[in-house]
Amino acid sequence: MLVITRREGEEVVLGDPRNPIGVVRIASIKGDRVRVAFDAFERGIDIHRREVAQRILAGETKEGAIEGAKE
């Protein structure tokens, strides 16, 4: 894991700087809340919060039900 320090408005380039796959920008910092902006240059790159990614891996739908589960 790479841990870096960025200030509001600063960016991190993902991938080769000549042909990046995306950019992460610190949009704002207010108290203990940090807003992060993602710009993915290739269509089809999914970006999820960890808790959403875990639900996807567990097979849940947006409604919270497990896919394929029978009632």
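Visitor: Which strand gives the most to the lining of the largest pocket?

Guide: E3, with four residues. This is a predicted model, so local features need pLDDT of at least 70 and side-chain atom pairs 80 or more, while totals for chains, interfaces and linings use all residues. Numbering runs from 1 along each chain as its sequence is written, and side-chain values use heavy atoms, without hydrogens and water.

Visitor: How do the lining residues divide?

Guide: Into 10 nonpolar, one polar and one charged. Asp39 and Gly22 are both in the lining; Asp counts as charged and Gly as polar.

Visitor: Why is Val13 called partly exposed?

Guide: Its relative accessible area is 44%, and partly exposed lies between buried (under 20%) and exposed (over 50%), with a 1.4 Å probe and protein chains only. Val13 is in strand E1. Leaving aside neighbours within four places in sequence, Val13 is in contact (heavy atoms within 4.5 Å) with Pro20 and Gly22.

Visitor: What is the average pLDDT of the protein?

Guide: The average is 85, and 85% of the residues score at least 70, on a confidence scale from 0 to 100. Over residues 66–71 the pLDDT is below 50. Where pLDDT is low, the predicted coordinates should not be read in detail.

Key: On a 1 Å grid over the protein atoms alone, a cavity is a set of points where a 1.4 Å probe fits but cannot get out, and a pocket is an open set with protein on both sides within 12 Å along at least five of seven lines; lining residues have an atom within 4 Å of a point. Helices (H or I, at least four residues) and strands (E, at least two) are DSSP runs, numbered from the N terminus. pLDDT is the predictor's confidence in each residue, from 0 to 100.
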